[in-house]
Amino acid sequence: MTATAARTRLLPTATARGRQRRATATAYLFLAPSAIPLLLFVVYPMFRAAWTSLHEWNLLSEKSWVGLDNYADLVSDPETAAAFLHTLYYVLGVLPLTLVGGLALALGLHRAFRGRNLLRGVYFLPVVTSWIAVAIVWRWLLNPSVGIVNEALSWIGIDGPGWWTDPAWSMPSIILASAWKDLGYVMVLLLAGLQALPTDVQEAAMIDGAGWWRRLRSITLPLLTPALFFVVVITLINGFQVFDQVYAMTGGGPNGSSEVVVMRIYDMTFRYGEAGLASALSMVLFLVILLITLGQMRGERKWVNYV
Amino acid sequence: MRKRILSGIGSVAALSLALAACSSSTDGTEVSESATSDAMEPVTITYSNFISNGGNEENLQTIVDAFEAEYPYITVDVTTLPYADYFTVLQTDLAAGTTADVFDIEYATYPAYQPSGVFAPLDGVDTSAYRGDVAAAYATDGVQYALPTSFSTVVLFYNKDLFDAAGLDYPTSDWTWDDERAAAEALTDADAGVWGDYQPISYYEYYKALVQAGGQFLTDDGSAVAFNSPEGLAAAEWLVEKSGTVMPTAEQGAGTADFDTSLWADGKLGMWHTGIWMFGAADGSDFAWDIAVEPGDVQNASAVFSNAVAVSATSEHQDAAALFAEFLSASDTMVDVRLETGWELPAISDTATLSTYLDQGDPDNRQAVFDSLDGIALPPIIGDNQAQMQDIIGNELTEAAAGRITAEEALANAESKINDLLG
């Protein structure tokens, strides 16, 4: 101890550098447990998929090199275009529902009242439930002939739609189930954002006579924009990769009406024996998500306020 | 800074999820040396199957037990999967090089898999033990690559009690579509929840109905489809017009798992187009029932399916695996078990052995199973794009059945999509 202290005094710069090097080594040591699986199960498969995307491969035979042909095929494939449109439909449907619904829940459950924590737990429950279980339950609820939803609609004189048996309603069915499941997640993120807001500004506004709506619009929401921004980014990233609920609820049908991009990647790989084409599509999807996320980062400055 | 990190994490998560679907690894084509030194060393082989799923698990175990008794040094580790998931799992296993030593395949998958070299040749097997026409479907260039475990046909099941109640004559092998239609209409009683008929709106029913109507699926040289014809239209209308008239619609549950089986078991189905593999499940019914050869239009044509077992080219115990494959497809034990339990028909050449099958009761008219072989509709095989083709037919006909498009439009759509696949 004393020796180190003495040396520090004698050679300040050299030891500072040494200490920094040690700190860097320590940092790497701490990162290793997560970095190794990440490299092995994320980065390596990514490069393999990129490599596969340049081949024709039915999973069984040897891969054969086709260069960029798979990408050219995707561009001219109407079903791929349709898959992107279905995915966009999903994202545009689920984003406003979870954002507005999650915000309303967060605002409601931010106030202090009896049973608040219980309700927070209840709304978060779907988030930690398996998608397969949720999808099966929703399929029952939305069953066109014996489901509770259509039964309830019939009480008020509405002839319920065919939900997942009708191509026009398959996507709304999935959006509905997804919004229900994701609401709690968005609520928790926004609740955390609300709790981090400074209370003095609110108090000042209250003293100035600002009503609830005025405070929400002019103070709470602007201050909440970092959390809202995060929710939008995450919802879009997750939304473009929607798969579990589609697989379990409709399998992409009927007649391909809910075939989203990842569902198509799955079908191409495991049902149609076109792993090369599917890898190319996953690369394209990655690029699309990357561009959208970068676009959001750019747009961030315009509407997000950091205190 | 926090937002950067958060969205950074988001992008990585995005990446990993987007790529998870296609991150399989090895090429699955490595060839291992055949273990000729299996001899009497204890070995454990794995067997992955769908044939026993849904009621025949114990029957399969009986056969496995008999095999292990005859070859005490071999242990068989059985994995049973539902048919709906089986081929996805098999394909993934083949790609990853984790295939079972012995695995099930079926008639339609053989031509798609064989050229990829995933099957070990079965040189030492006496193929004269099998029905020639069935065994030939699993041989390429004179080499046997898989052994047929069973074959089955699709027949017309009918509920005698419902026929009696409606005062109708039972179906015979002379029935045509018109007879079936008339009976179906007479049997349907919407208020009682009774439906006259059930025939899935699917590729499998369509190619068969097409042959019954006298049409063909592909042109003679196989370069294009030929079903967009008067015969093809008749077949499509035969199927889709049942929906909502004498058969429940998709909204009422048709097409979902086990829907037809429950409807039949509840005694609410007059006629049912399904395979003889349903004998076991239909047996528990508390009403009288029987079967008949499926009615035709201009001719009778029945769908015949066969299942087979193959030995993996990458298996380390190919000799033991081949012994098991042979036992599973040709042994007396297997024949006895299948005949006693009514679990599809063994694809063996010794038809005398099969005579006991006829006297098993329920259904009484088991002769119809053999009669149905007189007119066979073979499924069209197009190779790599088989699954897409089947999906296209199923989807278009389902749209037509729901009344969202006409049968003509369904056929025109299917024609152009499938010709794209063939082109």
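Analyst: Chain B is divided into domain 1 (22–152 + 304–374) and domain 2 (154–302 + 380–422); domain bounds come from an automatic or database domain assignment. This is a predicted model, in which local features need pLDDT of at least 70, side-chain atom pairs count only at pLDDT 80 or more, and totals for chains, interfaces and linings use all residues. Residues are numbered from 1 along each chain as its sequence is written, chains are lettered from A and ligands numbered from 1 in the order in which they are written, and side-chain values use heavy atoms, with hydrogens and water left out.

User: How far apart are the C-alpha centres of domain 1 and domain 2 of chain B?

Analyst: Those two centres are 29 Å apart. To the contact, domain 1 of chain B brings 22 residues and domain 2 of chain B brings 17 residues. Contact means heavy atoms within 4.5 Å.

User: And how much area do domain 1 and domain 2 of chain B bury between them?

Analyst: About 1,800 Å², with 64% of it on carbon and sulfur atoms. Buried area is the accessible area (1.4 Å probe) that two parts lose on being put together, summed over both. On the side of domain 1 of chain B, Phe305(B), Asp362(B) and Pro363(B) lose the most area to domain 2 of chain B, together 29% of what that side buries.

User: How many salt bridges and polar contacts are there between domain 1 and domain 2 of chain B?

Analyst: The salt bridge count between domain 1 of chain B and domain 2 of chain B is zero. A salt bridge is a side-chain nitrogen of Lys or Arg within 4 Å of a carboxyl oxygen of Asp or Glu. For polar contacts, the count between these domains is three residue pairs, both residues at pLDDT 80 or more. A polar contact is a pair of N or O atoms within 3.5 Å; within protein, one must be able to donate a hydrogen and the other to accept it, and residues adjacent in sequence count only if both atoms are side-chain atoms.

User: Which element gives the most to the side of domain 1 of chain B that touches domain 2 of chain B?

Analyst: H14(B) does, with three residues. Helices (H or I, at least four residues) and strands (E, at least two) are DSSP runs, numbered from the N terminus.

User: Change of topic. Which residues touch the most other members of the largest nonpolar core?

Analyst: Phe157(B), Tyr206(B), Phe217(B) and Phe227(B), in a core of 128 residues. Strand S6 (residues 146–159) of chain B gives the most to this core, with eight residues. At least three residues of the core come from each of domain 1 and domain 2 of chain B. A nonpolar core is a set of buried Ala, Val, Leu, Ile, Met, Phe, Trp, Tyr and Cys residues joined through side-chain atoms within 4.5 Å. Buried means under 20% relative accessible area, exposed over 50%, partly exposed in between (1.4 Å probe, protein chains only).

User: What does Phe217(B) touch?

Analyst: Not counting residues up to four places away in sequence, its partners include Tyr203(B), Leu210(B), Pro380(B), Met389(B) and Ile418(B). Apart from this core lies another, of 49 residues, among them Trp131(A) and Phe270(A).

User: Back to salt bridges. How many are there over all chains?

Analyst: Twelve. One of them joins the side chains of Asp391(B) and Arg271(A) (2.9 Å, N to O). This pair crosses between chains, from helix H15 (residues 386–401) of chain B to helix H12 (residues 261–271) of chain A.

User: What does Glu180(B) pair with, and is Glu180(B) buried or exposed?

Analyst: Glu180(B) forms a salt bridge with Lys242(B), with the closest N and O atoms 2.9 Å apart. Glu180(B) lies in helix H7 of chain B and Lys242(B) in the loop between helix H9 (230–240) and helix H10 (259–265) of chain B, so the pair ties together parts that are 62 residues apart in sequence. Glu180(B) is buried, at 0% relative accessible area, and Lys242(B) is buried, at 4%.

User: And what about Asp178(B), buried or exposed?

Analyst: Asp178(B) is exposed, at 53%. Asp178(B) forms a salt bridge with Arg181(B), with the closest N and O atoms 3.0 Å apart. Arg181(B) is partly exposed, at 33%.

User: Last one: where is His55(A)?

Analyst: In strand S1 (residues 55–56) of chain A. His55(A) counts as buried because its relative accessibility is 5%. Its side chain reaches the backbone oxygen of Trp51(A) at 2.7 Å.
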